[in-house]
Amino acid sequence: MRRSSTCVYSLAIHILLASILFTLSQSSGDGDLVDQICKRTPFYDLCSTTLHSNPLIPKNDLKGVALLMVKNIVANASETLSYIEGLIKHTSDRELEQALAFCAETYIPIVKYTLPQAADAISQGRFVFASYCISDAVKEVNSCDKKFSGSTQSPLGDRNGIVQKLVDVASAIIKLLLKS
């Protein structure tokens with residue numbers, strides 16, 4: 001009788017230890033997944049910082065990581081659009097105002113349509129369409145940058161640069177989804 005209770009006790013301890021080790025390996029693996037993903041993007045540091053700063057990072061879910069990155073781009077693009085609108089209100093330079101208005105016109109569809117469509121496509125597993133939307137977003141940001149040539153210095157260089165880099169990271173993650 002004593003021997004069977006010892007076996008049960010021993011088995012229970014082994015199961016408990018195994019579950020603790022499994023939990024620890026899973027929690028340390030989350031960071032590893034993000035690191036593995038980010039190493040396959042053109043901007044590792046930006047990718048890693050962006051994903052690790054979000055407490056809602058999905059566990060072992062490449063699609064969820066891609067979706068989180070697109071949502072981050074929407075937030076950055078929305079902030080950039082608000083910044084552009086503020087600059088338009090406070091400028092007296094007609095040439096600068098026209099360039100900024102053009103950029104606002106390019107950012108509005110990115111924020112309201114293009115990136116939300118990319119997020120929906122990722123959620124639905126339509127990764128080719130998501131990739132198309134992401135590519136379209138970066139083309140629009142590039143067209144905004146091109147409006148500032150010659151004598152007009154772009155006040156959006158850094159902001160557009162961050163959005164472009166985030167889009168490049170999201171594009172690389174979506175390419176990983178296409179391969180899986």
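Predicted model: local features only at pLDDT ≥ 70, side-chain atom pairs only at ≥ 80, totals over all residues.
When I speak of the angle between two helices, I mean the angle between their N-to-C directions, which runs from 0 to 180 degrees, with each axis fitted to C-alpha atoms over the stretch in contact. With that in hand, take helices α3 and α6. Their axes lie 9 Å apart, and the two pack at an angle of about 160 degrees. An angle over 145 counts as roughly antiparallel, so α3 and α6 are roughly antiparallel to each other. The crossing of α3 past α6 is left-handed. The residues that make up this contact divide into 17 nonpolar, 4 polar and 3 charged.

Now the overall layout. The chain has 6 helices and 0 strands. Read from the N terminus, the elements go α-α-α-α-α-α. The chain has 180 residues, and 37% of them count as buried. If we take contacts in the chain with a separation of 6 or more, 66% of them are between residues 24 or more positions apart.

Back to α6, with another partner. Helix α5 covers residues 127-146 and helix α6 covers residues 157-179; their axes come within 9 Å and cross at roughly 160 degrees. That makes α5 roughly antiparallel to α6. This crossing, of α5 and α6, is left-handed. Which residues of α5 meet α6? On the α5 side they include Phe127, Ile134, Val138 and Val141, and on the α6 side Val163, Val167, Ile174 and Leu178 are among them. The residues of the contact of α5 with α6 comprise 13 nonpolar, 5 polar and 2 charged.

Next, a salt bridge. How many salt bridges does a search of the whole structure find? The search finds 1. The side chains that meet in a salt bridge are those of Arg94 and Glu97, at 3.9 Å from N to O. Both residues belong to helix α4, residues 94-123, and because they are 3 residues apart there, about one helical turn separates them.

Ile88 sits in helix α3, which spans residues 62-90. Its relative accessibility is 22%, so Ile88 counts as partly exposed. What does Ile88 contact, leaving aside its neighbours within four places in sequence? The contacts are Glu97, Leu100, Ala101 and Ala104. As for distance, Ile88 and Ala99 are 11 residues apart along the chain, and their C-alpha atoms are separated by 9.4 Å.

Not counting residues up to four places away in sequence, Tyr44 touches Asp35, Cys38 and Lys39. Tyr44 and Val169 are 125 residues apart along the chain, with 8.3 Å between their C-alpha atoms.

To recap the helix pairs: α3 and α6 are roughly antiparallel, and α5 is roughly antiparallel to α6. The salt bridge joins Arg94 and Glu97. That is what I have for today.

Terms used. Residues numbered from 1 in each chain as written. Heavy atoms only, no water. Helix = DSSP H or I, 4+ residues; strand = E, 2+ residues; numbered from the N terminus. Parallel < 35°, antiparallel > 145°, perpendicular 65-115°, else oblique. Left-handed = near helix turned anticlockwise from the far one by under 90°. Contact = heavy atoms within 4.5 Å. Nonpolar A, V, L, I, M, F, W, Y, C, P; charged D, E, K, R; others polar. Buried < 20%, exposed > 50% of the residue type's maximum accessible area, 1.4 Å probe, protein only. Salt bridge = Lys/Arg side-chain N within 4 Å of Asp/Glu carboxyl O.
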